[in-house]
Amino acid sequence: METIERNGKRTILIDLSDRLSNKTSEYELNPHRITYLDHAAGVELGEKALGLGKEYWPDQVAWAVEEVTLSTHSGTHIDAPLHYGPMSGGKPARTIDQVPLHWCYGDGVLLDITHKKVGEGISAEDIQAELERIRYEIKPYDIVLIHTGASKYFGTPHYAFKKSGLVKNATEWLVNQGIKLIGIDAWGLDRPLNIMAEEAKEGKVQFWESHLFGREKEYCQIEKLCNLDQIPKPYGFKVSAFPINIENASAGWSRVVAIFEEEID
C-alpha cells in the first residue's frame with residue numbers, strides 16, 4: 001500500500017497483483033522461469049553485440065537484464081474471451097489485444113465470500129446476498145472483485161486446488177448486469193479443476209462452467225489477485241487492470257491496482 005499527497009489530493013494505491021518468482025514456479029500448473037543476468041553479464045553482452053569491453057563502463061559494470069519464460073496465464077493476468085473458446089456471443093472471440101481499455105478501468109466493488117470452503121461453489125444467490133449486505137447496486141462496467149481468501153496459498157503446494165469458485169449462474173448474473181471484468185483472488189474463476197473433473201466424469205456438472213459461459217456472452221476475468229483483505233471498504237474506489245498488449249493472445253499479465261482518492265482538508 002502506498003499513500004501519496006499531491007495537488008490537494010490524497011491517493012492510496014493498493015497493489016492487488018501477485019509477485020512472480022522462481023520460488024512460485026514449482027507449484028504452478030503453468031511453470032515459469034526467470035534467469036537473472038547481472039551487471040557483469042551485461043558487459044559480456046555489450047562486448048558481444050557492440051564490441052564494448054568493460055573498460056568502456058563506469059566501475060566496469062554494465063546493464064542488468066532478466067530473461068523470463070512463462071505462460072500468458074502465469075501470475076496475475078486477465079483472460080480474454082478467446083481463452084474460453086473460438087466464439088463468444090456468436091462472433092469470433094476477442095483476443096487480449098482487442099479487449100477495450102475501458103473494460104479495464106472503472107469503479108471497483110469488493111465482495112467478501114470468504115465463508116465459502118475449498119471446493120464449494122459461489123452462486124448468484126451468494127453474490128446477491130453480499131451486495132445486499134454491503135448495500136450496493138451493481139451497475140454496468142463495475143469491476144467486481146471476489147474475495148475468497150485463497151491468495152494466502154499462492155506459492156505453496158496445491159495452490160491451484162485450494163479455492164472456492166463461481167458456478168455458472170453467478171458469472172451469468174454478473175455479466176447480465178453489464179459487468180465486463182470479474183476478478184478473483186484464486187488460481188481461477190471456477191471451482192478447483194480436480195473437483196470439477198471428477199464431477200464431470202460422474203455426469204454431475206459441466207466442466208469449466210463459468211469459463212465456458214464466456215462462449216455465450218462476452219466478458220473477461222482477472223485471476224490470481226491478492227491483498228483484497230487490505231481494501232478498506234467494499235466500494236468507493238477505482239480499479240486499474242490494463243493487460244499487456246500481446247498479439248492474438250488468450251490472456252495478458254496485469255499489474256492490478258485499487259485506487260482511493262480523497263480531498264485533503
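Q: What do β1 and β2 form, and how many residues sit between them?
A: They form a hairpin, with two residues between the strands. In the turn, N7 has a positive phi of about 55°. Keep in mind that this is a predicted model.

Q: How many bridges hold β1 and β2 together, and in which sense do they pair?
A: Five bridges, antiparallel. β1 covers residues 2-6 and β2 covers residues 9-15.

Q: Which residue in β2 stands opposite I4?
A: T11 does.

Q: Which strand is joined to β2 by seven bridges?
A: That is β16, residues 257-263. β2 and β16 run antiparallel.

Q: What do side chains do along a regular strand, in general?
A: They alternate between the two faces of the sheet.

Q: Zooming out. How many helices and strands does the protein have?
A: Six helices and 16 strands.

Q: What does the C-alpha trace span?
A: About 70 × 60 × 35 Å along the principal axes.

Q: And what share of the residues is buried?
A: Buried residues are 47% of the 265 in the protein. The accessible surface comes to about 13800 Å². Carbon and sulfur atoms account for 50% of that surface.

Q: Of the contacts between residues at least 6 apart in sequence, what percentage join residues at least 24 apart?
A: 74% of them.

Q: New topic: H211. Where is it?
A: In helix α6, residues 209-213.

Q: Is H211 buried or exposed?
A: H211 is buried, because its relative accessibility is 3% and the cut-off for buried is under 20%.

Q: Which side chain makes a polar contact with the side chain of H211?
A: The side chain of D190, at 2.4 Å.

Q: What else is H211 in contact with, leaving aside neighbours within four places in sequence?
A: The list has D79, H83, Y84, L189, D190, Y219, Q221 and E223.

Q: On to S123. Where does it sit?
A: In the loop between β9 (121-122) and α3 (124-134). S123 is buried, with a relative accessible area of 15%.

Q: What does the S123 side chain make a polar contact with?
A: The side chain of E125, at 3.2 Å. Beyond its neighbours within four places in sequence, S123 is in contact with V167, N169 and A170.

Q: How far is S123 from S210 in space?
A: 11 Å, C-alpha to C-alpha. In sequence, S123 and S210 are 87 residues apart.

Q: Back to positive phi. What is the phi of Y141?
A: Near 75°, in a residue other than glycine. Y141 lies in the loop between α3 and β10 (143-147).

Q: How accessible is Y141?
A: Its relative accessibility is 39%, so Y141 counts as partly exposed.

Q: What about the phi of K224?
A: Positive, about 70°, and K224 is not a glycine either. K224 is in the loop between β13 (220-223) and β14 (235-240).

Q: Is K224 buried or exposed?
A: K224 is buried, at 0% relative accessibility.

Q: Where is N227?
A: In the loop between β13 and β14. N227 counts as partly exposed, because its relative accessibility is 30%.

Q: What does N227 touch, not counting residues up to four places away in sequence?
A: I14, D15, L16 and S151. A polar atom of the N227 side chain lies 2.8 Å from the backbone oxygen of D15. D15 belongs to β2, residues 9-15.

Q: And how far apart are the C-alpha atoms of N227 and S151?
A: They are separated by 7.8 Å. Along the chain, N227 and S151 are 76 residues apart.

Conventions
Residues are numbered from 1 along each chain as its sequence is written. This is a predicted model: local features need pLDDT of at least 70, side-chain atom pairs count only at pLDDT 80 or more; totals for chains, interfaces and linings use all residues. Side-chain values use heavy atoms; hydrogens and water are left out. Helices (H or I, at least four residues) and strands (E, at least two) are DSSP runs, numbered from the N terminus. Buried means under 20% relative accessible area, exposed over 50%, partly exposed in between (1.4 Å probe, protein chains only). Contact means heavy atoms within 4.5 Å. Accessible areas come from the Shrake-Rupley method with a 1.4 Å probe; for residues, only the protein chains shown count as cover. A polar contact is a pair of N or O atoms within 3.5 Å; within protein, one must be able to donate a hydrogen and the other to accept it, and residues adjacent in sequence count only if both atoms are side-chain atoms. Two strands pair if DSSP finds at least two bridges between them.
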